[in-house]
Amino acid sequence: MKEILIGILAALFFAVTFVLNHSMELEGGSWLWSSSLRYFFMLPFLIAIVAIRGKVGFRILSSEMKEHPGAWLIWSFAGFVLFYAPLTFAAAFGPGWLVSGTWQFTIVAGVLLAPLFITSIAGKNIRA
């Protein structure tokens, strides 16, 4: 149940960004700007999550970024170019509610597929 509530909260934030995308589109803004702003809007959440972990969180984050700069670039490319950019492009040429509504399927699919990723080692259930 906790996963569904977190998913619904994520869907709320996700849907609000499509309202912002639509208002930007009506004012003549580009879908490229709205997809870039979506990335910048995630930054305060990242900082808050890391700050909750205290100084250790910032230390771990900076050391990981220094150790694996290529991985950060690859996954940023995957998140932005392969996910957000096509999503905001689709929302610019179709109703935003329809595009953001598809996010609900990922929540349900995640909850239904989660049991498939649990392995049993010596009688203990471990999530993969």
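Me: What does the protein chain average in pLDDT?
Reply: This is a predicted model, and the protein chain averages a pLDDT of 78. A score of at least 70 is reached by 90% of the residues.

Me: Which element has the lowest mean pLDDT, and which the highest?
Reply: The lowest is strand E2, residues 124-127, with a mean of 59. Helix H3, residues 55-67, has the highest, at 85.

Me: OK, the surface. Which residues make the nonpolar patch?
Reply: Leu9, Leu12, Phe13, Val16, Leu20, Leu37, Phe40, Phe41, Leu43, Phe45, Ile47 and Phe58 make a nonpolar surface patch of about 1100 Å².

Me: Which helices supply at least two residues of that patch?
Reply: Helix H1 (2-26) and helix H2 (31-52) each do. H2 gives the most to the nonpolar patch, with 6 residues.

Me: Take phenylalanine 41. Where is it found?
Reply: Phenylalanine 41 is in helix H2, and is one of the residues of the nonpolar patch.

Me: Why does phenylalanine 41 count as partly exposed?
Reply: Because its relative accessibility is 44%. Buried would mean under 20% and exposed over 50%, with partly exposed in between.

Me: Now the inside. How many cavities of 30 Å³ or more does a search of the whole structure find?
Reply: The search finds 2. The largest cavity has a volume of about 60 Å³.

Me: Which residues are closest to its centre?
Reply: Asn21, His22, Glu25, Ala91 and Ala92, out of 11 residues that line the largest cavity.

Me: Which helices supply that lining?
Reply: H1, H2 and helix H4 (69-92) each supply at least two residues of the lining of the largest cavity. H1 gives the most, with 4 residues.

Me: Switching to pockets. What volume has the largest pocket?
Reply: The largest pocket has a volume of about 790 Å³.

Me: How many residues line the largest pocket, and which lie nearest its centre?
Reply: There are 23 lining residues. Nearest the centre of the largest pocket lie Arg38, Tyr39, Met42, Leu43 and Tyr84. Leu43 is also listed among the residues of the nonpolar patch.

Me: Which elements give two or more residues to the lining of the largest pocket?
Reply: H1, H2, H3 and H4 do. The largest share of that lining, 9 residues, comes from H2.

Definitions and conventions
Residues are numbered from 1 along each chain as its sequence is written. This is a predicted model: local features need pLDDT of at least 70, side-chain atom pairs count only at pLDDT 80 or more; totals for chains, interfaces and linings use all residues. Side-chain values use heavy atoms; hydrogens and water are left out. pLDDT is the predictor's confidence in each residue, from 0 to 100. Patches are made of residues with over 30% relative accessible area and no salt bridge: like charges are joined within 9 Å, nonpolar side chains (Val, Leu, Ile, Met, Phe, Trp, Tyr) within 5 Å. Accessible areas come from the Shrake-Rupley method with a 1.4 Å probe; for residues, only the protein chains shown count as cover. A salt bridge is a side-chain nitrogen of Lys or Arg within 4 Å of a carboxyl oxygen of Asp or Glu. Buried means under 20% relative accessible area, exposed over 50%, partly exposed in between (1.4 Å probe, protein chains only). On a 1 Å grid over the protein atoms alone, a cavity is a set of points where a 1.4 Å probe fits but cannot get out, and a pocket is an open set with protein on both sides within 12 Å along at least five of seven lines; lining residues have an atom within 4 Å of a point. Grid points are joined across faces, edges and corners, and a volume is the space filled by probe spheres set on the points.
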